[in-house]
Amino acid sequence: MPPRLPPLSALRLFEAAGRHQSFKRAAAELHLTPSAVSHGIVGLEQTLGVALFTRSPQGLSLTPEGVDYLAYVTEAFSLLLTGTRRLPTPDASRAIAITCAPTFASRWLLPRLETFVKRMPNVDITVDTSRRQVGFPTDGFDFAIRLSRAPVASDTWHRLFSERFVPVCSPAYHASHADAHGRIDLRTVTRIHVSSASEDWQGWIESAGIDDFDAQGGLSFDSIQMAFEAAMTDLGVVIGRRPLVDEYLASGALVPAHDITTPAQGAYWLICAHDIDPHPECVAFREWVIEQARPPLGE
């Protein structure tokens with residue numbers, strides 16, 4: 001008798017836990033408890049008669065058998081999702097799912113999204129800003145927008161734009177620290193850091209060619225948005241990333257604290273699922289994002 005396939009629900013738990021290398025993150029993605037994921041994996045291992053994970057105080061890791069099995073399970077889910085997405089559906093029921101970083105979503109995507117909604121009002125749009133690894137098409141996303149330091153040779157990766165570093169602060173902070181010529185000695189200010197981008201200050205200092213400048217010390221926050229808000233409440237100077245900081249500069253909530261801007265490493269990329277071409281709304285969204293990322297004429 002040929003072996004019976006395990007329950008699809010158990011395989012879904014295994015795919016998520018294997019991709020994240022964590023029962024907790026898999027549970028958050030699947031809206032379950034970590035205990036439910038753990039029990040489901042144990043049941044799958046008992047059904048298969050094979051240990052798929054190694055549990056240790058250092059964390060969770062796949063066994064060699066688990067690594068091998070995950071590749072097949074991932075491919076199987078990808079095929080199922082691809083086949084499902086190719087089924088004809090009414091245009092009104094088609095949704096576009098996008099994943100991107102929270103700051104990119106709030107400072108760049110959302111202010112522009114109205115123009116696409118007006119262009120295609122019958123398309124539902126989901127924007128996911130959770131910080132997790134994304135698998136196409138297993139996770140059901142059509143697009144991901146990611147910051148990458150290295151170019152990727154793929155026809156599904158489209159370069160949007162790079163960033164530039166600019167030190168920024170509130171107008172009040174600038175007024176209280178500027179000299180008679182309107183310049184601030186950034187070596188004397190309170191520096192605001194973003195823990196996930198801890199190299200920003202040092203990157204700006206080196207590119208600007210400023211000597212005798214210690215980038216350490218000051219305030220640190222775990223998100224760019226919090227760092228911007230700290231700067232807007234007169235707490236110090238933060239390295240802004242243009243164009244994400246441009247709206248604050250345009251409104252006057254923040255002002256440049258130095259006249260030197262420097263290039264940041266890497267660029268933002270639009271990454272597309274492989275099967276979007278049969279879906280006109282996805283093709284339209286891809287072209288719209290690329291269009292929005294083009295610099296204005298004359299720049």
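Me: How many nonpolar, polar and charged residues are in the lining of the second largest cavity?
Reply: In this predicted model, the lining of the second largest cavity consists of Val194, Asp200, Ile224, Phe228, Ile239 and Arg241. Val, Ile and Phe count as nonpolar, whereas Asp and Arg count as charged. By class, the lining therefore has four nonpolar, no polar and two charged residues.

Me: Which elements give two or more residues to the lining of the second largest cavity?
Reply: Among the lining residues of this cavity are Ile224, Phe228, Ile239 and Arg241. Helix α8 covers 224–232, and strand β9 covers 237–242. The elements that give two or more residues are α8 and β9.

Me: Which element gives the most to the lining of the largest cavity?
Reply: The lining of the largest cavity includes Ile192, His193 and Val194, along with Asp200, Trp201, Val238 and Ile239. At least two residues each come from β7 (191–194), α7 (200–208) and β9 (237–242). With three residues, the element that gives the most is β7.

Me: How do the residues of the lining of the largest cavity divide into nonpolar, polar and charged?
Reply: His193 and Ser198 belong to this lining, as does Asp200. The division is six nonpolar, two polar and one charged.

Me: What volume does the largest cavity have?
Reply: The structure holds two cavities of 30 Å³ or more. For the largest cavity, the volume is about 50 Å³.

Note on methods: Residues numbered from 1 in each chain as written. Predicted model: local features only at pLDDT ≥ 70, side-chain atom pairs only at ≥ 80, totals over all residues. Heavy atoms only, no water. 1 Å grid on protein atoms, 1.4 Å probe; cavity = no way out; pocket = protein on both sides within 12 Å on 5 of 7 lines; lining within 4 Å. Points joined across faces, edges and corners; volume = space filled by probe spheres on them. Helix = DSSP H or I, 4+ residues; strand = E, 2+ residues; numbered from the N terminus.
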